[in-house]
Amino acid sequence: MSGRRFLFVLGSSRADGNTELLARKAAEQLPADVEQRWISLADHPLPDFVDQRHDSDHVRPPAGSAAALLLDATLAATDLVIASPLYWYSVSGLTKRYLDYWSGWLRTPGVDFKATMAGRTLWGVAALAHQEAVVADPLTGTLNNSAAYMGMRFGGVLLGNGSGPGDVLNDTDALSRAKTFFARETPLARFPYEG
């Protein structure tokens with residue numbers, strides 16, 4: 001893992017929520033020489049995304065803006081961890097907005113966003129308040145398909161159960177999976193129709 005840089009993008013509106021706690025448990029297993037950066041989307045709110053694909057030129061986000069911070073951090077990461085609680089069976093609104101910004105970054109001159117991200121690894125961590133993990137399939141699909149479109153590898157999603165504050169720390173199965181989550185093989189992401 002030498003030389004890898006993990007960016008943890010926290011998509012919860014609650015600080016120290018179950019998703020973040022589970023992500024931190026998994027991150028504890030990373031070697032000490034692996035760089036970790038943590039960014040809370042709630043602390044760096046993005047304005048509503050405006051789709052300008054056909055209306056205007058795209059420019060790099062202004063320095064000092066949340067979009068510039070997130071773009072630069074995303075481009076610098078070898079491993080991108082989307083830590084989003086399961087909100088209405090998919091990613092949180094904060095996370096969805098961040099992913100929407102990828103559309104603009106794909107068209108920002110000089111960024112080469114898709115080519116830069118290709119081959120890197122996208123991971124997911126999510127807490128859900130349901131006993132059946134299958135209800136998180138839309139969240140997993142969002143992340144997998146985003147990785148497939150970008151030509152990224154996909155490490156899967158670490159799921160844990162928790163509704164009240166700290167509940168995920170009682171999910172012994174999730175905590176056990178967290179110990180080896182980032183040591184997993186990460187195949188190139190594929191769309192479901194690609195078999």
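Is T95 buried or exposed, judged by its relative accessibility? At 0% relative accessibility, T95 counts as buried, where buried means under 20% relative accessible area, exposed over 50% and partly exposed in between (1.4 Å probe, protein chains only). The views below start from this residue, and a few notes on the model come first. This is a predicted model, in which local features need pLDDT of at least 70 and side-chain atom pairs count only at pLDDT 80 or more, while totals for chains, interfaces and linings use all residues. Residues are numbered from 1 along each chain as its sequence is written, and side-chain values use heavy atoms, with hydrogens and water left out.

View 1. T95 lies in helix 3, which covers residues 93-105. Helices (H or I, at least four residues) and strands (E, at least two) are DSSP runs, numbered from the N terminus. The side chain of T95 is joined to that of S84 by a polar contact of 3.4 Å. Such a contact is a pair of N or O atoms within 3.5 Å; within protein, one must be able to donate a hydrogen and the other to accept it, and residues adjacent in sequence count only if both atoms are side-chain atoms. Not counting residues up to four places away in sequence, T95 touches G11, L41, I82 and S84, contact being heavy atoms within 4.5 Å.

View 2. S92 sits in the loop between strand 3 and helix 3. With 0% relative accessibility, S92 counts as buried. Its contacts, leaving out residues up to four places away in sequence, are G11, S84, P85 and Y87. S92 and G11 are 81 residues apart along the chain, yet their C-alpha atoms are separated by 6.2 Å.

**View 3. Helix 3 and its buried residues.** T95, Y98, L99, Y101, W102, G104 and W105 are buried in helix 3. These buried residues pack against strand 1 (5-10), helix 2, strand 3, helix 4 and helix 5. How far should the 13 residues of helix 3 span at 1.5 Å a residue? They should span 18 Å, and the end C-alpha atoms are 19 Å apart, which agrees; the expected span is 1.5 Å times one less than the number of residues. R97 is also found in helix 3, but at 30% relative accessibility R97 counts as partly exposed. Leaving aside neighbours within four places in sequence, R97 is in contact with L46, P47 and D48.

**View 4. Helix 2 against helix 3.** Helix 2 (residues 66-76) packs on helix 3 at an angle of about 80 degrees, with the axes 11 Å apart. Axes are lines fitted to C-alpha atoms, for helices over the stretch in contact, and angles run from 0 to 180 degrees between N-to-C directions. The two helices are therefore roughly perpendicular to each other, a label for angles of 65 to 115 degrees, with under 35 roughly parallel, over 145 roughly antiparallel and the rest oblique. Helix 2 brings A67, L70, L71 and T74 to meet Y98, Y101 and W105 of helix 3. By class, this contact of helix 2 with helix 3 has six nonpolar, one polar and no charged residues. Here Ala, Val, Leu, Ile, Met, Phe, Trp, Tyr, Cys and Pro count as nonpolar, Asp, Glu, Lys and Arg as charged, and the others, Gly among them, as polar. Helix 2 is mostly covered, with eight of its 11 residues buried.

View 5. L139, L143, N144, S146, A147, A148 and M150 are its buried residues. They pack against strand 3 (79-83), helix 3, helix 4 (113-117), strand 4 (121-128) and strand 5 (153-161). G151 follows helix 5 and has a positive phi, near 75 degrees.

**View 6. Positive phi in two loops.** Most residues other than glycine have a negative phi. Y89, in the loop between strand 3 and helix 3, has a positive phi near 75 degrees. Its relative accessible area of 42% makes Y89 partly exposed. D112, in the loop between helix 3 and helix 4, has a positive phi of about 50 degrees although it is not a glycine. D112 is exposed, with a relative accessible area of 54%.
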